[in-house]
Amino acid sequence: MSAAVGIDDIRAARELLRDVAVTTPILESRSLSAKIGGPVHLKCENLQRAGSFKTRGAYVRIARLTDEERSRGVVAASAGNHAQGVALAAKLLGSKAVVFMPAGAPLPKVVATRAYGAEVVFERGGVDACLAAANAYAEETGAVFIHPFDHPDVVAGQGTLGLEILEQCPDVRTILVGVGGGGLIAGIAAAVKAVRPDVHVVGVQAERAAAFPPSLAAGRPVMVEPASTMADGISVGRPGDLTFELVSKLVDSVVTVSEESLSAAMVNCLERSKQVVEPAGAVGVAALLDRPQEFEAPVVTVLSGGNIDPLLLSKVLRHGLASAGRYLVFRARLRDHPGALVDLLSELAEMEVNVLDVVHERVAARLNVDEAEVLLHLETRGPEHCDEVLGRLRKEGYTLSFH
């Protein structure tokens with residue numbers, strides 16, 4: 001296979017995957033469609049085997065190894081989804097898999113990777129440190145390194161998603177794709193542009209881990225230091241050489257989204273579309289929420305993965321509710337006498353606020369002897385309701401703080 005992945009390569013990969021990968025559904029999102037004024041469809045790759053699109057590329061790569069290469073085993077580096085894809089593919093093809101994962105990788109992804117039969121080795125640092133460790137392991141042991149994105153077979157496997165999108169939504173005008181190292185968007189763009197060059201393919205990165213915008217500006221892959229982001233699945237410091245070449249030629253633009261937008265997107269997916277999506281898988285929805293007039297409909301956005309730690313999910317959802325003005329946290333100062341807390345809670349009840357948590361503090365250096373303070377976690381109906389609650393409490397004489 002040549003370095004330039006073409007439509008024939010992707011069609012051949014699809015034949016390899018015919019009895020392995022699921023043709024995941026496309027669902028229309030009425031809430032997003034109403035927001036942008038045209039049809040929006042969700043490509044639910046979060047329902048793929050192993051919970052993400054990564055199974056496609058990993059299987060194609062390992063399937064094309066020789067029997068002798070597979071007998072030496074395979075090694076990979078991943079924050080979780082590629083790990084599971086490699087582990088599953090290796091199991092299906094009878095090869096041993098070793099996966100290097102960041103020490104802080106989400107526990108469900110670690111458990112799932114082991115459940116598919118792979119050996120997990122933890123490495124301090126992010127995905128780039130794991131990549132270096134996996135390459136060193138391959139040199140020492142003879143195992144074949146399965147790159148998470150920068151290999152023609154991997155790109156071709158991911159590109160099969162593009163063929164499905166064109167078949168399931170033939171009138172698509174814009175496709176939004178989450179971007180880490182670039183394997184998924186490179187494959188989708190290679191498939192789509194070969195058949196429908198008029199379709200806009202747009203990449204979306206978390207702004208805290210966005211290596212493509214500066215790389216595209218420089219005309220070559222450049223290294224950035226990713227900051228902490230909830231979208232761990234696309235936190236990659238440098239685009240691949242192959243993926244950069246394809247993205248720079250085929251992708252129309254790359255945009256970024258904030259952490260607040262990511263959490264709001266996850267809430268939208270769960271609440272309105274009933275889809276459990278990890279932060280990296282929700283970046284396309286976040287872009288639609290941020291820029292509703294920027295993308296020509298019909299739009300397809302890829303929900304690229306659904307592997308999320310339930311504990312992180314609960315935190316992110318709360319963060320998303322706060323970003324949407326539906327979750328309010330503050331401290332209220334009140335007189336320390338019988339009935340004061342009841343009065344405060346009664347005020348909130350009259351305003352139809354749902355009190356989620358109350359911490360009542362009566363002894364602290366910042367309080368006068370006749371004062372108490374209450375930390376409140378409230379569920380509201382939206383920003384206007386929040387303003388109503390805060391305005392009424394201030395009018396009633398309560399001192400409020402937000403730290």
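**Helix α6 and backbone exceptions in a predicted model**

Helix α6 is followed by Gly117, which has a positive phi near 105°. The structure described here is a predicted model. Helix α6 itself spans residues 107-115, and its buried residues are Lys109, Val110, Ala112 and Thr113. These four lie on the same side of α6, because the arc they cover around the axis is only 165°. An α-helix has 3.6 residues a turn, so residues three or four places apart point the same way. The exposed residues Leu107 and Ala115 are carried on the face of α6 turned away from the buried side. The cover over the buried residues of α6 includes one helix, α5 (81-93), together with the strands β4 (97-102) and β5 (119-123).

Further backbone exceptions occur in loops elsewhere in the chain. Most residues other than glycine have a negative phi, and most peptide bonds are trans. Lys274, a residue other than glycine, has a positive phi near 60°. Lys274 is placed in the loop between α12 (259-272) and α13, and with a relative accessible area of 61% it is exposed. Glu352 is likewise not a glycine, yet its phi is positive, at about 60°. The loop that holds Glu352 runs between α15 (340-350) and β12 (354-361). Glu352 counts as exposed, its relative accessibility being 60%, where the cut-off for exposure is over 50%.

The peptide bond between Ala297 and Pro298 is cis, with omega at about 0°. Pro298 belongs to the loop between α13 (283-290) and β10 (299-303).

At the level of the whole protein chain, the secondary structure consists of 16 helices and 14 strands. Along the principal axes, the C-alpha atoms fill a box of roughly 80 × 50 × 40 Å. Of the 403 residues, 57% are buried. When contacts between residues at least 6 apart in sequence are considered, 72% join residues at least 24 apart.

The accessible surface of the protein chain is about 16700 Å², and carbon and sulfur atoms account for 50% of this area. The chain has 40 positive and 49 negative charges, and the mean positions of the two sets are 2 Å apart.

Definitions and conventions. Residues numbered from 1 in each chain as written. Predicted model: local features only at pLDDT ≥ 70, side-chain atom pairs only at ≥ 80, totals over all residues. Heavy atoms only, no water. Helix = DSSP H or I, 4+ residues; strand = E, 2+ residues; numbered from the N terminus. Buried < 20%, exposed > 50% of the residue type's maximum accessible area, 1.4 Å probe, protein only. Contact = heavy atoms within 4.5 Å. Areas by Shrake-Rupley, 256 points an atom, 1.4 Å probe, with all protein chains shown as cover. Lys, Arg positive; Asp, Glu negative; His and termini not counted. Charge placed at Lys NZ, Arg CZ, Asp CG, Glu CD. Arc of directions from axis to C-beta.
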